[in-house]
Amino acid sequence: MQPSFLIRQAGPRDHRHILRLARELDSINLPTDSAELANALDRSAKSFAGRLRRRQDTAYIFCAEEIQSRRIVAVSMIIGKHGTPDSPHYYFEMNTDERYSQSLHRMFRHPYLRLRYSMDGPSELGGLIVDPAMRGHPEHLGTQISWVRFLYIARHRARFEHKLIAEMLAPSTPNHGNLFWDYYGGLVTGLSYQEADRLSTYDKEFIRTLFPDSPLYTFLMPPEVVQSVGQVADATRGAVKLLERAGMKFLEHIDPFDAGPYYGALIENLIPVKECRTFKATVGESDADNSRRYLIGVAGPKGFRTVQAKAIIEERRIVLARDILNTLSVREGNVLDIMPLP
């Protein structure tokens with residue numbers, strides 16, 4: 001049975017289709033400006049080709065192509081390094097200040113946030129969007145476009161840092177506003193949330209110079225703002241569950257703009273990375289009771305490509321239907337990267 005989607009590296013030729021998807025969803029996960037997206041796709045193509053040597057310069061964009069229509073219906077990304085001396089990784093660390101009065105016999109624990117930064121930051125997952133019409137698809141497109149990043153990292157460990165993080169999208173107010181930013185960030189910078197988010201993509205100096213160094217005690221905030229700290233948007237909950245199944249955990253760090261949570265883990269401890277294997281392909285019946293769902297990947301003349309397929313592992317071989325090999329443009333006996341899907 002032919003798969004519905006081909007998950008592959010994106011390139012400049014995908015610009016029109018990805019721009020349409022980004023604009024339709026009005027997503028902040030991908031550029032909606034044509035020139036900015038073109039630059040991102042050019043950077044991605046150079047990253048996949050190994051033409052960018054410094055991790056902080058690399059970004060890898062993946063897209064899901066619906067095989068029947070050739071439409072791009074989902075996108076995801078890996079950023080090689082997030083946090084350098086020129087562009088630090090800023091975040092709020094969540095902590096608690098304990099206070100005890102012997103004369104009153106009372107103890108208080110005051111939660112607070114404190115601005116931190118890293119100039120030698122981790123690799124980062126990002127840019128995940130799925131066409132709403134494809135959400136809930138029986139082939140679990142969201143899982144495929146998320147998991148493909150782990151497969152690529154597992155086979156190209158030298159291109160990434162030891163730690164991997166993911167910033168999860170926080171709940172928003174109308175017009176992509178944010179409660180936390182309106183209460184705090186907007187007051188200390190004089191910028192709207194959209195202005196600050198856009199500026200931070202190329203200049204973060206204002207974060208270090210305008211955000212106070214002193215702790216921000218959350219009990220001083222309105223209850224609705226406190227409740228939003230570390231929370232994710234409803235549409236993001238599925239993505240969080242996938243990352244948790246991969247072994248990523250809440251780091252007690254939040255984004256200084258929207259208070260969305262950061263999840264992370266050491267790459268060597270990620271479940272899909274540890275389960276990634278290499279096998280030779282062989283053609284056969286792969287839809288038996290003992291088959292399992294895998295993400296099957298290969299890097300060849302057409303770039304990095306993956307599909308979801310049921311398969312059977314036999315010693316050092318993987319048994320696949322011929323349609324799967326044809327979709328990947330590989331032959332029997334070729335070596336494939338295999339990662340079990342949750």
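I searched the whole structure for aromatic pairs and found 24. For this I paired rings of Phe, Tyr and Trp (its six-membered ring) with centres within 6.5 Å; planes under 30 degrees apart count as stacked, over 60 as edge-to-face and the rest as tilted.

I noted that this is a predicted model, where local features need pLDDT of at least 70 and side-chain atom pairs count only at pLDDT 80 or more, while totals for chains, interfaces and linings use all residues. Residues are numbered from 1 along each chain as its sequence is written, and side-chain values use heavy atoms, with hydrogens and water left out.

**Entry: two pairs**

I looked up phenylalanine 62 and tyrosine 152: the ring centres are 5.7 Å apart and the planes stand at 70°, so this pair is edge-to-face. The pair links distant parts of the chain, 90 residues apart, with phenylalanine 62 in strand S2 (residues 59-66) and tyrosine 152 in helix H3 (residues 141-155). Helices (H or I, at least four residues) and strands (E, at least two) are DSSP runs, numbered from the N terminus. Phenylalanine 62 and tyrosine 152 are both buried, where buried means under 20% relative accessible area, exposed over 50%, and partly exposed in between (1.4 Å probe, protein chains only).

I then took tryptophan 147 and phenylalanine 150, whose ring centres are 5.2 Å apart with planes at 80°, so they are also edge-to-face. Both lie in helix H3, 3 residues apart, about one turn of the helix. Tryptophan 147 and phenylalanine 150 are buried.

**Entry: H3 against H8**

I checked the axes of H3 and helix H8 (residues 237-246): they come within 11 Å and cross at roughly 40°. Axes are lines fitted to C-alpha atoms, for helices over the stretch in contact, with angles from 0 to 180 degrees between N-to-C directions. I listed the residues that meet: Gly142, Thr143, Ser146, Trp147 and Phe150 from H3, and Leu242, Leu243, Arg245 and Ala246 from H8. Contact means heavy atoms within 4.5 Å.

**Entry: phenylalanine 206**

I found a cluster linked by ring pairs, made of Phe92, Phe180, Trp181, Tyr184, Tyr193, Phe206, Phe211 and Phe257. Phenylalanine 206 lies in helix H6 (residues 205-210) and, at 7% relative accessibility, counts as buried. Leaving aside neighbours within four places in sequence, I have phenylalanine 206 in contact with Thr189, Leu191, Ala196, Leu199, Ser200, Phe211 and Phe257. C-alpha to C-alpha, phenylalanine 206 and valine 335 are 49 Å apart in space and 129 residues apart in sequence.
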